[in-house]
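Subject: Structure handover

Hello,

Here is the structure for your files. My notes on it follow below.

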Amino acid sequence: MEQELHNTSQGGTSQGGLLGQLHASLLSGAIKVVDLTFPLSPDFPVIVLPPEFGQCAPFRRETVSRYDADGPAWYWNNISMNEHTGTHFDAPAHWITGRDIPCGTVDAIDPARFLAPAVVMDFSAEAAANADFILTADHIRDWEAKNGQIPPKHWVFFRTDWSKRAGTPSYLNLHEDGTHSPGPDASAMEFLVHERDAVGFGVETVGTDAGQASHFDPPLPAHAIMHGNGRFGLQCMCNLDQLPAFGAMIVATPLKIEAGSGSPLRVIALVE
Ligand code: 23J
Ligand code: MN
């Protein structure tokens, strides 16, 4: 009896406790898991920087053996990629503004910060009408007036439905003058950090910044402001249209790359 009580209060069994309730809810389907991740594939596009800079490597895979002479009973691959290939996490140390943030690399971040709820702001109509749609603090305030205020310590996800363009040239949307895709300005990022204490900013596009954001002041404000304040980024997500505006619990655990600036990862959402 005492043991039973102990188990229940510790939550270590499916009969009780907060984790037991979570397990039961997953088994019953009361809580569903939504995958926000694209497959890692050599065909998935990576960010293209101006030619004078180093470039992001795509995902590569080389089979070591597949139940053959190199390994008769086993299948495995050697893989390589950039830390910012595919659906991935940006750590504060990714940007020069975050270089002195304590514990700013993926291996050093407190793992408790990898679990946080998300607010999903739907700007898909605006992005469909204008590939260069720029999210401002005023847009966020208007969104909050209609939907409710963004609570502290939440991911803020910017839904643009851009992930639905994956597999077409309109995903990167590269023209002679660079890429054209939606993203935030400095006012939006300052607002989310200083007025809403956001965990980070998550997007469906290849970067947290707009395609034309190298021309903004400051350049690449999502990177400069989020990372300069110790906050995170998530890029190349999909299925944001399956999330509620409030209440999804996000699990985003980057690989523990020593001194890593970011990492490909599986991003999942728990949805009631
Ligand atoms: C390196 C340089 C510029 C940018 C990026 C990477 C990313 O968007 C990224 O993946 O973090 S804008
Ligand atoms: Mn990145």
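A polar atom of the Thr205 side chain lies 2.9 Å from the backbone oxygen of Gly207. The model is a predicted one, and every value in this message is computed from it. Thr205 belongs to the loop that runs between strand E11 (200-203) and helix H6 (221-228). Is Thr205 buried or exposed? Its relative accessible area is 3%, so Thr205 counts as buried. Leaving aside residues up to four places away in sequence, Thr205 touches Trp162, Tyr171, Ser181, Pro182, Gln235 and Cys236.

The sheet

Nine strands make up an open sheet with mixed pairing, and their order is E1-E15-E13-E5-E7-E11-E12-E4-E14. At the edges are strand E1 (32-35) and strand E14 (262-264), each of which pairs on one side only. On average, neighbouring strands of this sheet are turned by 25° against each other, with direction ignored. Helix H4 (residues 137-147) packs on the sheet, where it touches strand E5 (115-122) and strand E13 (246-252). The direction of H4 makes about 95° with that of E5.

Within the sheet, strand E4 (residues 88-90) and strand E12 (residues 232-235) run antiparallel and are joined by three bridges. Phe89 stands opposite Leu234 in E12.

Another antiparallel pair is formed by strand E2 (residues 60-68) and strand E3 (residues 71-80), over seven bridges. These two strands form a hairpin, with two residues between E2 and E3. Arg66 stands opposite Tyr75 in E3.

Nonpolar cores

In soluble globular proteins, nonpolar side chains tend to be buried together. The largest nonpolar core here has 25 residues. Which residues have the most contacts inside this core? They are Leu36, Phe89, Trp155, Phe157, Leu234, Leu243 and Ile250. The elements that give two or more residues to the core are E5, strand E7 (155-159), E12, E13 and strand E15 (267-271).

Ile250 has a list of contacts that again leaves out residues up to four places away in sequence. It includes Leu36, Trp155 and Phe157, which are also among the residues with the most contacts inside the core. Other residues that Ile250 touches include Phe114, Leu115, Ala116, Val267, Ile268 and Ala269.

Aromatic pairs

How many aromatic pairs does a search of the whole structure find? The search finds 13. In one of them, the ring centres of Phe89 and Phe232 are 4.9 Å apart and the planes are at 45°, so the pair is tilted. This pair links distant parts of the chain, since Phe89 is in strand E4 and Phe232 in strand E12, 143 residues apart. Phe89 and Phe232 are both buried.

The rings of Phe123 and Phe158 also form a tilted pair, because their planes are at 50°; their centres are 6.0 Å apart. Phe123 lies in the loop between E5 and helix H3 (124-129), and Phe158 lies in strand E7, so this pair ties together parts 35 residues apart in sequence. Phe123 has a relative accessible area of 5% and is therefore buried. Phe158 is buried too, at 1% relative accessibility.

Ring pairs also link Phe89, Phe114, Trp155, Phe157 and Phe232 into a cluster.

Regards

Notes
Residues numbered from 1 in each chain as written. Chains lettered and ligands numbered in written order. Predicted model: local features only at pLDDT ≥ 70, side-chain atom pairs only at ≥ 80, totals over all residues. Heavy atoms only, no water. Pairing = 2+ DSSP bridges. Helix = DSSP H or I, 4+ residues; strand = E, 2+ residues; numbered from the N terminus. Axes fitted to C-alpha atoms, helices over the stretch in contact; angles between N-to-C directions. Contact = heavy atoms within 4.5 Å. Buried < 20%, exposed > 50% of the residue type's maximum accessible area, 1.4 Å probe, protein only. Polar contact = N/O pair within 3.5 Å; in protein donor to acceptor, adjacent residues only side chain to side chain. Core = buried A, V, L, I, M, F, W, Y, C linked by side-chain atoms within 4.5 Å. Phe/Tyr/Trp six-rings, centres within 6.5 Å; stacked < 30°, edge-to-face > 60°.
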